[in-house]
Amino acid sequence: MANIGIVIPAAGQGKRMGAGYNKQFLMLMEKPILAHTVRLFEESDFVSEIVIVGAEGDISVIKELVYYQEFHKVAAVCIGGVLRQDSVRAGVRALSPTIQRIVVHDGARPLLTLQAFHKFLEESREYSAAIMGVPIKDTVKRVDIAGKVLDTLPRDYLRAVQTPQIFDREILEEAHQQAASAGYYGTDDASLLEWMGHPVQMVEGMQENIKVTTPEDLLLAERILTQRR
Ligand SMILES: Nc1ccn([C@@H]2O[C@H](COP(=O)(O)OP(=O)(O)OP(=O)(O)O)[C@@H](O)[C@H]2O)c(=O)n1
Ligand SMILES: C[C@](O)(CO)[C@H](O)COP(=O)(O)O
């Protein structure tokens with residue numbers, strides 16, 4: 001299971017956070033959010049290489065973070081694209097050719113634990129594509145453009161999807177290449193494989209593995225990390 005390569009897309013604009021700069025540099029318990037995310041993979045014995053993807057203007061700051069946090073597994077910091085999927089594709093390209101199994105994990109998900117990550121690796125072992133997700137807690141309804149409720153979805157078969165997502169390199173590269181050629185866009189990497197008709201396995205995730213998206217998420221992340229101390 002060793003020799004896993006990690007791609008961390010961190011090139012978003014953080015519009016919903018409204019910080020005025022990349023939310024991944026916001027401080028969370030005295031460290032930038034991105035530093036928490038990278039630290040986990042730096043500490044995993046199954047990970048041999050990490051690529052961080054940043055916006056063009058953030059590359060030097062990310063390289064400084066890598067240096068001062070002593071992240072020895074970071075093999076490259078590369079420039080992302082307009083869409084998350086462009087950023088992931090750039091990150092995959094930057095991994096060494098020896099890496100045949102790739103994990104994609106949002107830079108904005110700093111609360112994944114080593115234990116949950118290793119459980120995910122174990123449970124996804126036999127699949128060429130697997131993703132983390134959690135059951136939906138709320139009732140989910142479809143609405144029309146005016147907000148009128150159309151129907152209620154049976155939530156037993158719904159999952160809120162997270163990262164990490166793990167893939168055999170060959171299939172992930174093919175999915176990104178085909179999606180780029182066809183102009184297909186998906187909000188996560190697994191959706192590109194689904195679009196190609198490739199099976200994707202759902203693995204139980206952790207509710208605490210939130211994506212820090214809005215200011216309330218940052219408060220929640222702080223509270224969770226305080227409790228873990
Ligand atoms: N072009 C993009 C867009 C997103 N991401 C990354 O993908 C992850 C998930 O995206 P999200 O949380 O939506 O981040 P933003 O796109 O920055 O947020 P927003 O949509 O509010 O601008 C984040 O780590 C983000 O930095 C990226 O690398 N490249
Ligand atoms: C990849 C992801 O985090 C899975 O939930 C999510 O799809 C990213 O979406 P966003 O619109 O870029 O936040």
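The entries go from the conventions to the fold, then to the ligands and the backbone.

**Conventions.** I am working with a predicted model, in which local features need pLDDT of at least 70, side-chain atom pairs count only at pLDDT 80 or more, and totals for chains, interfaces and linings use all residues. Residues are numbered from 1 along each chain as its sequence is written, chains are lettered from A and ligands numbered from 1 in the order in which they are written, and side-chain values use heavy atoms, with hydrogens and water left out.

**Fold.** I found seven helices and 11 strands in the protein. Helices (H or I, at least four residues) and strands (E, at least two) are DSSP runs, numbered from the N terminus. The radius of gyration is 17 Å, close to the 17 Å that the globule rule gives for 229 residues, so the protein is as compact as a globular protein of that length. That radius is taken over C-alpha atoms, and the globule rule is 2.2 Å times the number of residues to the power 0.38. I noted a span of about 50 × 40 × 35 Å for the C-alpha trace along its principal axes.

**Ligand 1.** I looked up the surroundings of ligand 1 and got 19 residues, the closest being Gly 14, Lys 15, Arg 16, Lys 23 and Ser 87. A residue is near a molecule if one of its heavy atoms lies within 4 Å of it. The shell divides into six nonpolar, seven polar and six charged residues. Here Ala, Val, Leu, Ile, Met, Phe, Trp, Tyr, Cys and Pro count as nonpolar, Asp, Glu, Lys and Arg as charged, and the others, Gly among them, as polar.

Next I checked polar contacts (pairs of N or O atoms within 3.5 Å). A polar backbone atom of Leu 83 is 3.4 Å from a nitrogen atom of ligand 1. Of the 570 Å² of accessible area that ligand 1 has on its own, the protein covers 89%; such areas come from the Shrake-Rupley method with a 1.4 Å probe. Strand 1 (4-10) and helix 3 (84-94) are the elements that give two or more residues to this shell.

**Ligand 2.** Around ligand 2 I listed Arg 16, Arg 84, Asp 106, Arg 109, Val 161, Thr 163, Thr 187, Asp 188 and Lys 211. By class, that is one nonpolar, two polar and six charged residues. Which atoms of Val 161 and Thr 187 lie by an oxygen atom of ligand 2? In Val 161 a backbone N or O atom does so, at 2.6 Å, and in Thr 187 a backbone N or O atom, at 2.9 Å. With Arg 16 the side chain is used, an N or O atom there being 3.0 Å from a ligand oxygen.

**Backbone.** I found a cis peptide bond from Thr 163 to Pro 164, with omega near 15°. Pro 164 is in strand 10 (residues 159-168). Glu 30 has a positive phi of about 70° although it is not a glycine; I placed Glu 30 in the loop between strand 2 (27-28) and strand 3 (31-32).

Terms used:
A polar contact is a pair of N or O atoms within 3.5 Å; within protein, one must be able to donate a hydrogen and the other to accept it, and residues adjacent in sequence count only if both atoms are side-chain atoms.
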